[in-house]
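Here is a short report on a protein model and its ligand. Keep the sequence and the structure in view as you read.

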Amino acid sequence: MNKPSHAQQSTFTVSENCLQIGGVALTRLAQRVGSTPFYAYERTAMTRRVQHVRQHLPADVCLHYSVKANPMPAVVQHMAGLVDGLDVASAGELRCALDTSMPARHICFAGPGKTDAELSQALAAGATIHIESGGELGRLDRIAQASGIAPQVALRVNPDFELRSSGMKMGGGAKPFGIDAEQVPALLQEIRAMGIACTGFHIFCGSQNLHPAALVEAHADSIALAQRLADTAALPVATLNLGAGFGIPYFPGEQALDIRPIGEALDGALTDWRRNFPASRVALEMGRYLVGEAGIYVARIIDRKISRGQVFLVTDGGMHHHLAASGNFGQVIRKNYPVAIGNKMAAEQREAVTVVGPLCTPLDILASEMELACAAVGDLVVVFQSGAYGLTASPTEFLSHAAPLQVVV
Ligand SMILES: *Cc1c(COP(=O)(O)O)cnc(C)c1O
């Protein structure tokens, strides 16, 4: 049996043996950046991906970008010009989103444990605040009363179902996220008594899903749940955020998600909803799917050594910059991200190597026993699928190396 391989890397082109990012050869880009390691995000790849999603989603469904996936300001600026809303989960992300041209009401602040200071800033900004608990609602009401600003809120609902076969489940069962569906009617009454306007619901089930059938089911279940909650409270729903959960292929054997059937099924599932709430704004939110494939992480080979017959390429980058590629960001069994020698893309001589970083820990692995072009000191190791949950999901202080630069090309 053949070993499963990584899905084809179609996002970037290769010219004269060298990977191209935004039309710039990697070696030249490395010179431009001036130091390694670095992250590079390709602008046209992000644009193309948004176009792809829009092409396959119903035309009346809005698209939000989750800033958490990649909060680099230049990336968020670029995405703000392409999508209909930005989802943020901290005061820092809120500031980043407010610096863009996105209207504040289309900036949605979700996440557990919002502090009074964060609620106050979001209120003053005019952002939509996604309420995650009764306690949070009470604190927001007090802050709103004191400042005389009418808040705009939506309820984050913890559904009574789960997203099947998902990389990360964030709804269903007991969760710190959102308000349990069965508690929503009582909370809506409280909101009404406070005189606060509730625009609608936010139902996010999970992340990194590569199974269209599971996503179709979750979207249909979310719409049905929102309808039930709206009926119970006689709430004229103006906004419905359905989450998304779209995944990208990282590991050998995984295939790119086919979003066409998801868009078609969503169109059908919204038929009654559109009739009942013709003016409502239905949105999907996603981070990883929009930017994950547009980014690479680049490290330079510092040393090449052989230990008991195994070749080790030691680079200047590793888990402190890219925790996910090292296999330590939620993975149960370590698997290799797609990796290549970026300045030897067409090399015929290949060998099995292990690529490690400079940290004194056995966890600092970028590729384990992977077949790569024969590489030497000075060559550039590229980790693909690195545009989301890269730098800001990594323990950059560990071992006190300098932080990598990030560029948009
Ligand atoms: C993390 C998160 C997202 C983004 O998930 P992706 O897998 O990057 O698409 C969306 N919504 C909420 C509420 C989240 O917490």
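The sections below cover the ligand, the aromatic rings, some single residues and the backbone.

## About the model

This is a predicted model: local features need pLDDT of at least 70, side-chain atom pairs count only at pLDDT 80 or more, and totals for chains, interfaces and linings use all residues. Residues are numbered from 1 along each chain as its sequence is written, and side-chain values use heavy atoms, with hydrogens and water left out.

## Around the ligand

Which residues surround the ligand? They are S66, K68, R156, M170, H202, F204, S207, E285, M286, G287, R288 and Y389. A residue counts as near a molecule if one of its heavy atoms lies within 4 Å of it. By class, this shell has four nonpolar, four polar and four charged residues. Here Ala, Val, Leu, Ile, Met, Phe, Trp, Tyr, Cys and Pro are nonpolar, Asp, Glu, Lys and Arg are charged, and the others, Gly among them, are polar.

Now look at the polar contacts (pairs of N or O atoms within 3.5 Å; within protein, one must be able to donate a hydrogen and the other to accept it, and residues adjacent in sequence count only if both atoms are side-chain atoms). A polar side-chain atom of E285 sits 2.9 Å from a ligand nitrogen. Y389 also uses a polar side-chain atom, 2.6 Å from a ligand oxygen. R288 uses a backbone N or O atom, 2.8 Å from an oxygen of the ligand. Taken alone, the ligand exposes 380 Å², and the protein buries 93% of that. Such areas come from the Shrake-Rupley method with a 1.4 Å probe; for residues, only the protein chains shown count as cover.

## Aromatic rings

The whole structure has nine aromatic pairs. Rings of Phe, Tyr and Trp (its six-membered ring) pair if their centres lie within 6.5 Å; planes under 30 degrees apart are stacked, over 60 edge-to-face, and the rest tilted. F12 and F384 form a tilted pair, 6.2 Å centre to centre, with 35 degrees between the planes. F12 lies in the segment before β1 and F384 in the loop between β21 and β22, so the pair ties together parts 372 residues apart in sequence. Helices (H or I, at least four residues) and strands (E, at least two) are DSSP runs, numbered from the N terminus. Both F12 and F384 are buried. Buried means under 20% relative accessible area, exposed over 50%, and partly exposed in between (1.4 Å probe, protein chains only).

The ring centres of F251 and Y337 are 5.7 Å apart and the planes meet at 70 degrees, so this pair is edge-to-face. F251 is buried at 11% relative accessible area, and Y337 is buried at 4%. Ring pairs also link Y39, Y41 and Y297 into a cluster.

## A strand residue

N241 belongs to strand β14. At 5% relative accessibility, N241 is buried. A polar atom of the N241 side chain lies 2.9 Å from the backbone nitrogen of G243.

## Backbone details

Which residues does a cis peptide bond join? They are T36 and P37, with omega about -5 degrees. P37 is in the loop between α1 and β4.

N17 has a positive phi of about 75 degrees, although N17 is not a glycine. N17 is in the loop between β1 and β2, and is partly exposed at 30%. E369, another non-glycine residue, has phi near 45 degrees. E369 is in strand β20 and is exposed at 52%.
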